[in-house]
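Please look over the notes on this model.

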Amino acid sequence: MSHMSTLLEVSGVSVSFDGFKAINNLSFQIGPAEMRAIIGPNGAGKTTFMDIVTGKTRPDDGRVIWGEKSVSLLKMSEAQIAQAGVGRKFQKPTVFEDQTVHANMLIALKNDRGFLASLLYRPSNKDLARVDELAGEIGLSDQLDRLSGELSHGQKQWLEIGMLLAQEPRLLLVDEPAAGMTLAEREHTTAILVEAAKTRAVVVVEHDMEFVRRLDCKVTVLHEGSVLAEGSLDHVTANSRVIDVYLGR
Amino acid sequence: MRQSFIQKNPSILIFLACLALFTLLVTVASEGFGLGFISTSFVKTLGKTLCLCLVAVAMDLIWGYTGILSLGHFAFFGLGGYMIGMWLMYERTRLIVVEALAQSDIPPTPEEVVSGIGSQIFGVVGSSDSPLIWSFAHSLPLQLALVVLVPGLLALIFGWLAFRSRVTGVYLSILTQAMTLALALYLFQNDSGLRGNNGLSGLQNLPGVSAGQDQVSLWFFWASALALGLGYLLAAWITSGKFGSIIRGIRDNESRVRFLGYSVEVYKLAVFTITAMIAGIAGALYYPQAGIINPAEVAPIASIYLAVWVAIGGRGRLYGAVIGAGFVSLVSTWFTGGQAPDIPLGFYTIKWVDWWLILLGLSFVAVTLFAPKGIGGLFDLLKKERAK
Amino acid sequence: MKTLMQAGLMLLLSLVPAWAQETGPVQSILQENRHLIEKSSRKTIQPAIDALASSGLPQAQAVLEAWQGKDMWQVKDTGLFYRGEKDGDAYRLTDFDSGAAIGRFDKGDLDQLKPNSGIRALMATALVAFQLNDPDPARRTDAISSLQRDPGAQHLEPLRASIAGETDPNMKAQKRRLERLLTAAYDKDISMRVMAINAMRGDLGVDVRATLNPLVTTRLDMAEGDTPPAKTNVARILKPGTDDLPRLEAYDMLAAAGKAPPRVDRDTIRNTLSNNIMDGRVGGVPLAQLDTETGRIRAYTALAKDGTVPSFVVDNDINSALQGHVFYEVYAEKDKAVTDAAVKTLRAIQTRVGLMQALDLTLDALSLASIYFLAAIGLAITFGVMGVINMAHGEFIMMGAYTGYVVQQFIPNHTASILVAIPLAFAVTFAAGVAMERLVIRWLYHRPLETLLATFGISIALQQLAKNIFGTQARPLTAPGWLDGAWVMNDVVSISYIRIAIFVLGLLFLGVFLFIMKKTRLGLETRAVTQNPRMAASMGINPGRVNMLTFGLGSGIAGIAGVAIGLFAKVTSELGSDYIVQSFMTVVVGGVGNIWGTLAGATMIGFFQKGIEWFKPSNTLAAQTYMIIFIIIFIQFRPRGIIALKGRAAGD
């Protein structure tokens, strides 16, 4: 398999907590500009999978290889992984509620992450323009000076996605972006993600089949910590084992 | 969007103006250079209060802004005091020893002076040699550097260990308290090299300066006011820009900041170390005005009081820290100094010396419960009223 | 009857002036030695004392005691000796033999015998023999313990003689032991001494070491030539210039003995110079140049050249002086066989003492661990189970201790008062805990830092309140009599009963805690609320009530711990704050949310602290400092404590 077409390669990864195998010999790949949905029942290991890729959890076994230079993510800290180009959106919207939308975006904007650089940072015209542009993309142009804590649930989700985009990641991990959204908000979210996937890899973990269908992408089904099926949504939903898992035997 | 941080935050200018005015008023009313309304000892109290305000600003930076409840910043404060105290005591003792030796027929050698100083300072702990840590005590510039470096280095090492292993929240608070306790216990030992529980004394005398205490007290008062002003400006600058955004982000959601690619530990360590240095400077200005420093000053309780001041004043805003430290410590002095009138109830007389701490403790509980924003929160209410 | 006899005796006395007639046997002995007694000199008195002591007369002891106590008087006219008692201005005399009253005499008619301290000591020795054989066991015990305190060569024989007649088996054993110690120290027969010393190998008694150590004490000595003089019991020969005997020290020894000129030290130089100032110069060097060492040496050398002062002792002088002498350590005990045996025996004892000290240290550590465990277990509940930081925990401990003190004011019987105090302390602190939870803490769940501060406010207030009520001085909380004393295994290993009781109490608490958590409804509900409060609430558990009771339980246990701690620590308002940091450390090091972790944490901290004290004795401050540093480093490697919860349950 050529490295050119693979951005992230997870192979043979296992992790267990107190004897419970949360991830069991999991292998997974994604290309540089691809949208992928990961589905699976509760406890399938979706969140743990994200934890491993972003460096929050160290696996007991296996490899996680990143980018053209094939570096291992396992030796890097969360911050280093994020700087390498992995962005993560949590299930609950996590923005800095005490600060304005603009400040939130500025923190996220791709710049030197060192503390001295931050101390001496003054936003350049380019940075300000980029913030305005991104705010337009996520539909928060007129909210820039509001405290982000005052935003609606859906707006917070978009702000977080916007912050991720400002990071300019090569891989975007998004955990249940549509949870708690109205129909209109979902459509907007779908549009943002589809647009993002044109230039980078996007992995969406989702429960909601309707939302996954809207994304119209390759689907990976996780079950008990390993891949159960992979392919188009129609393909995997036709899989008898997937039906067993979802509907119960 | 691109104004300087002072323009963005007019409260900085208001604060600096108030501080300048206050300094001027105290100077005019003092015995040293003015009308003599304010006694020298009260000038010292006010000067000390300014130092406490400065360390409170540091505390606000680390707790109010970064979310790390450090119960160790008074230890850094005390270390700063010890560092300057070493020079003050050494130099003053040197002058005394030189004068005493000059009485004899032949002039003293440097070795004789050094050993004379050693036995003068350390006789009280049964030693006559200056320990290694006093190597720089002869030099004011070096010892001034240590005022910043020693607390900074301790904070750097401790913080690196603690943050690296992701100790957070109350665990970190307890750990910082343990550090403070360890330092206090160490200083209490006679062989600590810092005179055990005798501490360092006679610090109010500036060696080689003939001016009276009425003037010296004002010099320290000015220095304290200047340090507070500069410290406040520094803190305001730090918190205003992107760095401030990030540390507040760390306070509110540490892992979000981490997943944005910031090395949270480095930021925490930076703030922890900088604030420890500010605390050291505050301590170095405080103890010459207090005249004495001993290990009891470093005891864990002092650091907790610091947190109490900042909480009462209102954390997360710099003027809140200043108001809290100034207000509570002055009121404390008033109540415990015996100036407050006792309240006779007939069957029992409330003596404030005995009851002040109870009042403080309970009002602190009340503030935590009912006014988490502290006194500073009142300003928000005023602002809102005006906005209406 | 008495007056009749008195009259008769008076008559007799008036008729016959000489002592030879009709005197008792003791009086006869006294009269035989009359001149020695009257002379009263330490050098000559011994035969008189011996005559009394070896007479076998029952009254001899009384005479010696009276004599020793300056209660023996001699009638000037007759020269007879009596016991005298002051009666107004005069003295009433009693006969030693018969106990009969002799009559009242003016002081002028009598001579008091005033033996000096040397003579009194001789008498005391003689008396010991009597006391060792006294029919009254209490007096025998006294005699034995006085010998144990202050043994001497002269006691050996009387002691030996008394062993055969001893009826009490316990005392007989004590006498035997004492006899062996005295033999080792003082017997004239070397082989007996060596035998006695060898017999004590492995004996842990402090008395054995106290007897043997003086035998092997050495002093530093030196002599001319290559070898020490013959007939000295040399422990070892020291070479000057080694760690045991630095060169200069050896030389100073020679100088002190007048065998070499003393070295010229800084003070000497200084004094010499200031005594030889001439026209603002010393030895041609101007005074102003004497402010450095080199300047002073220059001046002194100049003076030495003139011959005014002794010249510097240079290295060569020192070397040649040292070469002519041998330095050695010599035993105070002269016989080599004895010192060899003593050294061997002491070495054997030292090994065993080391082992026993390790055991003692283990017991100490265990006891410290149980104190920490006791102090921390309440915290393990409030902090570990509920996640609530209670800075006032220490004050609950203090409240428990003061409750014990107050109870003792009303119930003087210590056993009963402790039995009342324990449940009462639990009740008081339980109530305080519940009140605090309801009034303060429940509003602050999920704001742990603020809980910490609010409870700290309460802690300040409670501490000051205690000060206002009970004052600043320590109040006694006295343990019942049956807890006094210690379980003594031997002279090295012992542990006080209070500490054993605290250990037992710790185990008891552990049991109670496990029972409550695993077997009761409250425990089940607490665990449910801890793991998932929402789910628990939906199943009909009232989380508020559970939190309240759990908090009360933790506080109540702190109160009982307070009673226990108060039994051995001073009850002051600061009692709690002395333990609070250690308690938190115990919980954190052990691993939050797990009672076994708390146990492990307490054990580790207790052992570690005692271990440091072992290396650096007499400095508990340093031990605590190092312990805290150790904990900080420990947390680097196990941030979640010894027994850590993993995975999602640990939260994050």
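The numbered points below begin with the basis of the model and then take each topic in turn.

1. Basis. This is a predicted model, in which local features need pLDDT of at least 70, side-chain atom pairs count only at pLDDT 80 or more, and totals for chains, interfaces and linings use all residues. Residues are numbered from 1 along each chain as its sequence is written, chains are lettered from A and ligands numbered from 1 in the order in which they are written, and side-chain values use heavy atoms, with hydrogens and water left out.

2. Chains B and C: extent. Chain B puts 53 residues in contact with 50 residues of chain C (contact: heavy atoms within 4.5 Å). The buried area is about 4,500 Å², and carbon and sulfur atoms give 75% of it. Buried area is the accessible area (1.4 Å probe) that two parts lose on being put together, summed over both.

3. B:Glu112 and C:Arg296 form a salt bridge at 2.8 Å, N to O.

4. Chain B's face to chain C. Helices H5 (110–122), H6 (140–164), H7 (169–188), H12 (300–313) and H14 (352–370) of chain B each supply at least two residues. Helices (H or I, at least four residues) and strands (E, at least two) are DSSP runs, numbered from the N terminus. H7(B) gives the largest share, 14 residues.

5. Chains B and A. Here 28 residues of chain B touch 37 of chain A. The buried area is about 2,800 Å², with 61% from carbon and sulfur atoms. B:Lys242, B:Arg256 and B:Phe259 supply 28% of the area that chain B buries against chain A, more than any other three residues. There are three salt bridges. In one of them, B:Arg166 meets A:Glu78, with the closest N and O atoms 2.7 Å apart.

6. Sheet in chain C. Five strands form an open antiparallel sheet, in the order E4-E3-E2-E1-E5. Strands pair if DSSP finds at least two bridges between them. Strands E4 (101–105) and E5 (110–112) of chain C are the edges.

Key:
Salt bridge = Lys/Arg side-chain N within 4 Å of Asp/Glu carboxyl O.
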